[in-house]
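Open the model in your viewer and keep the sequence beside it. We will go from whole chains down to one side chain.

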Amino acid sequence: MDKDEIDQAILNITQEGIPLVEEPFEELAKQVGISRDEVIRRLKRLRSIGVIKRLGISVNQRKVGIVANAVVAWKVPEEQLESVGTLLSSYTEVTHSYGRVTIPGKWEHNLFTVIHGYSRESVESIAKQLSEACGIMDYLVMFSNGQFKRTSVKHPF
Amino acid sequence: MKMEPVKLDKQDKELLQMMQDEFPVEERPWAVLGKKLGLSEEEVLARVKKLSSDGVIRKLRTILDAQKLGSCSSTLMAMKVPEDKMDHVVRVVNEYMSVTHNYRREHDYNLWFTVTTCGGKDLEETVEEIKRKTGIPDSDTLDLRTTHVFKIDVRFKFTDTEVEGGETRG
């Protein structure tokens, strides 16, 4: 994939944050040391080739009332993992969905989803709907009762 | 800890939705958004600054495609942590840059955190070191390596009916 040092500088800065000022890309251009038009052109390119998956705001969902979240772990027959994982991912309430190893005798749930909602009840009812949709009845709902850390992966360049 | 949701009007919600899903990469992005909302450039920026100071907007940033940038590997770890050891364990775990999420959860395994290493760093080594430093025995620890990434997309719907309802909820 072709990506030069200027692209890397742009990615490094923008994964940390773009200032919310009158001309954000002018400000970014100053930080990188190139023109605004060049920044815009490069960002568009990086977005179109998919290196940038998304350029947008992150929101603190708690501030808009989405206060409940749970990890819901599903026990899915291995041969159905792909299809169930894909199906559950199509719901907007599911923000994360991963297949994971099992540890026989100790941990048998192999599909992990994170579900957000306005209340415990709504998260529970979403989990129930998902269960009905995918036909997996064996699942665990683990609500969070404390957030100790929440950051994002920083990609090294 | 009860927190009242920040009040949002229809234009705030539409603005959040557009800024979240696809921010305009243009000379004057606030003017572009304003055009769609029927607001001036200044009005849009004023709303954005308010939403930011209210804590609704965390930040504007790029999310990169890990797969296109070379290999990252990750795991979800869970531990059964005795209450009197919780502070210590949380402190140890949170020190790691490679730990991005760490939550207490309602389960016998009461602490759940993700470990992600990118660019050649060894996941195995990090996991072993965390286990050793926390002092939680193997029998009380789960190391659930990722086999499939089906979805990572932390986006919310602001313009659906439920958010509308959220305004009036106590």
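**Stop 1: the domains.** Bear in mind that the model is predicted. Colour chain A by its assigned domains: domain 1 is 5-48 and domain 2 is 61-143. Their centres, taken over C-alpha atoms, lie 36 Å apart. Now do chain B, where domain 1 spans 10-62 and domain 2 spans 66-145. Here too the C-alpha centres of domain 1 and domain 2 are separated by 36 Å.

**Stop 2: strand 5 of chain A.** Select residues 139-150 of chain A, which form strand 5. Which strand of chain A pairs with strand 5? Strand 2, residues 68-74, runs antiparallel to strand 5 and is joined to it by 5 bridges. Within this pairing, find A:Phe143 opposite A:Ala70.

**Stop 3: across to chain B.** Zoom in on A:Ser144, whose bridge partner is B:Arg105.

**Stop 4: B:Arg104.** Pick B:Arg104, also in strand 3 of chain B. What does B:Arg104 touch, leaving out residues up to four places away in sequence? In chain A, the contacts are A:Phe143, A:Ser144, A:Asn145, A:Gly146 and A:Phe148. In chain B, they are B:Glu83, B:Met86, B:Asn110 and B:Leu111. Show the side chains of B:Arg104 and B:Glu83: a polar contact of 3.1 Å joins them.

Draw a C-alpha to C-alpha distance from B:Arg104 to B:Val25; the two are 38 Å apart in space and 79 residues apart in sequence.

Key:
Residues are numbered from 1 along each chain as its sequence is written. Chains are lettered from A and ligands numbered from 1 in the order in which they are written. This is a predicted model: local features need pLDDT of at least 70, side-chain atom pairs count only at pLDDT 80 or more; totals for chains, interfaces and linings use all residues. Side-chain values use heavy atoms; hydrogens and water are left out. Two strands pair if DSSP finds at least two bridges between them. Helices (H or I, at least four residues) and strands (E, at least two) are DSSP runs, numbered from the N terminus. Domain bounds come from an automatic or database domain assignment. Contact means heavy atoms within 4.5 Å. A polar contact is a pair of N or O atoms within 3.5 Å; within protein, one must be able to donate a hydrogen and the other to accept it, and residues adjacent in sequence count only if both atoms are side-chain atoms.
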